[in-house]
Amino acid sequence: MILGGTKVRAKIPVIRNFFDQANHLLIGGRMAYTFLAALGRGVGATRIEEDLLPEAGAILTEAEARGIRVHLPIDNVCAKSPDDEAGAAFHPGDVPDGRMGLDIGPATRAAFAEVIAGAGSVIWNGPMGVFEKPAFLEGTRAVGQAVARLSASTR
């Protein structure tokens, strides 16, 4: 299961609905930063759903208990804002202070593609970054290309 986009709140029912079917949960987009923050990771100035930090933590705990591997960004494309395409830069690890995580980085793209390549079926909902801006669309493109290469069932 691949989830992205901005709102954790909208994806909680989707995640819980597919817990019995998923082996891997790949989380990108702005919603990934709420999950990262729930783990105590630095998210810089990225907007997160602070009221959902406990719920995000509970989802991560439940996924682990069910044997579902959760994959979160290990590197990011960051800038001061989505409009700061000229300032877009790759950052490994946590998002630096004063910057926003706006796309998954190249190591995350590769890791997600590797998991996708081994999938028997894929459900994908939401982009991996601010794909409307050229500086932040590569994560969504990479995941889309990985899914397109599959002969497995996709939705």
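Student: What makes Arg9 and Asp51 a salt bridge?

Tutor: The term asks for a side-chain nitrogen of Lys or Arg within 4 Å of a carboxyl oxygen of Asp or Glu. In Arg9 and Asp51 the closest N and O atoms are 2.7 Å apart, so the pair meets the definition. The structure holds eight salt bridges.

Student: How do you know what was counted?

Tutor: This is a predicted model, where local features need pLDDT of at least 70 and side-chain atom pairs count only at pLDDT 80 or more, while totals for chains, interfaces and linings use all residues. Residues are numbered from 1 along each chain as its sequence is written, and side-chain values use heavy atoms, leaving out hydrogens and water.

Student: Which parts does the pair Arg9 and Asp51 tie together?

Tutor: Arg9 lies in helix H1 (residues 8-18), and Asp51 in the loop between helix H2 (31-38) and helix H3 (53-65), so the pair ties together parts 42 residues apart in sequence. Helices (H or I, at least four residues) and strands (E, at least two) are DSSP runs, numbered from the N terminus.

Student: How do you know that S4 pairs with S6?

Tutor: Two strands pair if DSSP finds at least two bridges between them. Four bridges join S4 (residues 75-79) to S6, and the two run antiparallel, so they count as paired. Ala79 stands opposite Met100 in S6.

Student: Why are S5 and S6 said to stand at the edges?

Tutor: The open sheet has three strands in the order S5-S4-S6. S5 (89-92) and S6 (100-104) each have a single partner strand, so one side of each is left without a neighbour in the sheet. The twist averages 45° from one strand to the next; axes are lines fitted to C-alpha atoms, for helices over the stretch in contact, and angles run from 0 to 180 degrees between N-to-C directions. Helix H4 (residues 106-117) packs on the sheet, touching S4, S5 and S6, where contact means heavy atoms within 4.5 Å.
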